[in-house]
Amino acid sequence: MSAAAAPVPARSSALRRLVSGYGQELIILAAIVALMIVVGLYNPRFMSQSNLTSIFAGNAYIAVAAIGMSMVIISGNIDVAVGSLIGVLAVLSGTLAVGGYPIWVAWAAPVVVGILVNAGVGALVAYARIPSIVVTLGMLSILKGGLISVTAGAWITGLPEGYAIAQARLFGVPAPVWFMVVLTIAAAWWMRNSGFGRTIYAIGGNPEAARASGIRIERSIVAVFAIHGFFVGIAAVLFATQLQVIQSTVPPNLELTVITASVVGGVSILGGTGTVIGSTLAAILFAAIGSSLIFLNVSAYWLRAVQGLLILATVLADMARRHRIR
Amino acid sequence: MTAALRPFLRHEAILFVLLVAALFVLAGQSDRFFTIANLLNQGRLMTEIGLVALAMTFVIVTGGIDLSVGSILGLCAILLGVFWQNLGLPLPLAMGLAVLVGGVAGLVNGLIITRFRVPPLIATLATLALYRGLAEGISQARSVRGYPDWFFVLGQGDLAGVPTQLWILGLLTLVAGVVLGMTAFGRATYAIGANETAARFSGVPVDRVKIAIYTASGLVAGLAAVIFVSRVSTTRSDMGTGVELDVITAVVLGGTSIFGGRGTIIGTAIGLVLIQALKNGLALAGVKGDGTIVVIGLVLILAILASNLFSREDG
């Protein structure tokens with residue numbers, strides 16, 4: 001059949017470009033809307049402002065961490081230590097806040113430390129040539145074990161006035177939602193239009209070709225991990241400030257939630273493709289599903305199974321779509 | 001052939017020296033470390049991780065990974081309890097079915113990976129959530145207790161003075177070592193990891209080998225679940241959480257390349273013993289459990305770093 005090999009028709013509307021360029025993102029957006037309508041009709045309280053706030057604001061930190069994770073995965077690497085790092089940085093932030101340091105220090109320190117730690121991880125990956133899954137597996141142990149050893153699991157309480165940035169609002173919208181939206185749009189624009197953004201896609205898509213075209217792969221990988229550390233630092237501050245206490249344990253399975261948001265959002269684990277808009281939408285979708293199960297009176301114990309099925313369905317659909325394109 | 005073997009032996013030699021050094025240091029820290037009773041007990045504690053690590057070695061040698069093993073372990077443990085207590089099946093049958101469910105879970109992984117060409121990391125990440133979710137949904141946070149006494153022989157009893165499960169681990173280590181090192185199946189496993197396309201063109205049944213390996217991974221996770229339940233006398237849905245990371249650490253520490261094509265069962269065995277010795281020795285020396293996790297993470301990174309530095313000198 002020659003029709004199968006025919007080039008894409010030259011006439012393409014804006015809508016078609018949108019569909020072809022952001023297929024995965026649109027599917028997830030449609031899923032979120034459909035879910036909200038169906039569950040909202042079944043139980044109107046689902047669409048109440050307080051529930052929507054808890055869905056969006058309470059999970060924004062996952063979406064923010066998934067932005068950095070998406071960049072790491074697009075560059076052909078992975079970070080399984082992200083949950084532990086968020087836990088450690090949140091405790092660092094809280095400890096500084098309680099210790100009488102200025103509040104801006106408590107907010108800035110996790111971001112700086114996040115950048116430094118992940119730049120170190122990136123250096124081990126790029127220069128020592130240890131696969132990123134091995135380095136971050138080791139980091140996971142070090143950070144998790146170190147956190148519990150140092151804090152002995154004690155909670156941090158008595159946080160100072162004005163520290164809880166995640167509970168602030170601007171124009172009636174919770175601060176975490178602002179962070180999520182602004183950072184997602186900025187990162188998506190930057191990934192698409194800056195030279196370094198395209199470099200990330202290039203080293204993930206074909207490292208040899210990237211090297212041949214003059215990209216310094218080692219430096220770029222360190223930079224990608226450092227940028228990821230920046231997003232992890234912000235995620236940690238949002239996580240630390242959303243409650244009145246900070247638990248000094250690592251949120252269980254947080255790394256899997258973040259990686260899953262990236263992958264379901266359309267980032268190919270093989271590297272080279274995907275956008276951070278998709279990962280943010282996927283993080284919202286997961287939160288909405290978790291919340292809707294409660295409103296549908298489904299036992300919360302089935303939540304993970306539903307999530308697992310959803311991930312599997314998304315991945316299989318994605319693979320099927322890709323094979324059709326080829 | 002010997003030239004091809006040299007890099008493996010080099011990594012394992014480094015690891016072995018590290019192990020001996022660790023044993024000496026740890027023995028100096030506590031009188032109780034080098035007692036037969038302690039060593040045997042440590043063998044008991046490492047059996048579940050060890051069983052899963054054997055299959056994981058095959059998986060990683062093919063260039064794949066199986067993140068779902070901890071969840072399979074949890075699912076099989078829950079189903080063992082459900083089959084026996086809620087469905088009233090005889091316990092031996094329930095044990096067999098639980099292991100079988102593990103095999104089916106592994107088979108599903110293998111089919112997703114081979115038929116749909118989903119990368120193993122993603123496929124097993126999805127089934128990690130799915131299988132753990134099924135375990136949580138089925139159990140509804142109820143635990144199952146009250147197993148008959150004979151059942152505890154598997155996890156708490158001895159055979160000829162050695163913990164029962166250590167015999168199983170020893171036997172399966174031998175089997176895995178022979179299969180990977182001396183059979184056509186083992187050579188196919190290395191060939192897939194070294195260059196899958198080349199393996200396919202030279203007539204290796206790539207998909208069938210992979211499906212068999214992921215199924216085996218599920219089966220041993222099911223077996224580990226039965227032993228785990230027998231050892232701790234109870235069934236809970238969070239059993240085996242995080243096991244995948246311990247297992248992968250042992251395998252990678254043992255010199256198996258995460259990119260595939262390289263690795264041995266002996267290496268995995270040394271990696272496993274080193275981790276358990278560190279955990280136990282540091283605990284006896286007064287380091288809290290969480291401190292030992294830090295050491296294991298450091299050892300993992302440093303061992304691979306050292307191995308990379310040495311192998312680069314070969315040029």
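In this predicted model, the largest nonpolar core holds 194 residues, and the members that touch the most others are A:I86, B:L80, B:Y147, B:F151 and B:I248. A nonpolar core here is a set of buried Ala, Val, Leu, Ile, Met, Phe, Trp, Tyr and Cys residues joined through side-chain atoms within 4.5 Å; buried means under 20% relative accessible area, exposed over 50%, and partly exposed in between, with a 1.4 Å probe and protein chains only. Local features need pLDDT of at least 70 and side-chain atom pairs count only at pLDDT 80 or more, whereas totals for chains, interfaces and linings use all residues, and side-chain values use heavy atoms, without hydrogens and water. Residues are numbered from 1 along each chain as its sequence is written, and chains are lettered from A, with ligands numbered from 1, in the order in which they are written.

Apart from neighbours within four places in sequence, B:L80 is in contact (heavy atoms within 4.5 Å) with B:L91, B:A94, B:M95, B:A98, B:Y147, B:F151, B:V226 and B:V229. Two of these partners, B:Y147 and B:F151, are themselves named among the core members that touch the most others.

We turn next to the place where the chains meet. The size of an interface is often given as the accessible area lost when the parts come together. For chain B and chain A this buried area (accessible area with a 1.4 Å probe, summed over both parts) is about 3,500 Å², 80% of it on carbon and sulfur atoms. The elements giving two or more residues to the side of chain B that touches chain A are α5 (120-139), α11 (243-253) and α13 (289-313) of chain B, where helices are DSSP runs of H or I with at least four residues, strands are runs of E with at least two, and both are numbered from the N terminus. The largest share, 13 residues, comes from α5(B). By type, this side of chain B divides into 27 nonpolar, 7 polar and 5 charged residues; Ala, Val, Leu, Ile, Met, Phe, Trp, Tyr, Cys and Pro count as nonpolar, Asp, Glu, Lys and Arg as charged, and the others, Gly among them, as polar. In all, 39 residues of chain B are in contact with 39 residues of chain A. Across this interface the rule finds 0 salt bridges, a salt bridge being a side-chain nitrogen of Lys or Arg within 4 Å of a carboxyl oxygen of Asp or Glu.

B:E48 lies in helix α2 (residues 36-61) of chain B and is buried, with a relative accessible area of 5%. Beyond its neighbours within four places in sequence, B:E48 is in contact with B:A224, B:I227, B:F228 and B:R231.

Helix α11 (residues 254-264) of chain A is largely enclosed by the rest of the structure, because 10 of its 11 residues are buried; among them are A:E255, A:T260 and A:S262. A:I200, in helix α8 (residues 195-205) of chain A, is buried at 1% relative accessible area. Not counting residues up to four places away in sequence, A:I200 touches A:M71, A:I74, A:S75, A:W190, A:M191 and A:V224.

Finally, A:R129 has a positive phi, near 55 degrees. This arginine, A:R129, is found in the loop between α5 (103-126) and α6 (132-151) of chain A.

Notes: Buried area = accessible area lost by both parts, 1.4 Å probe.
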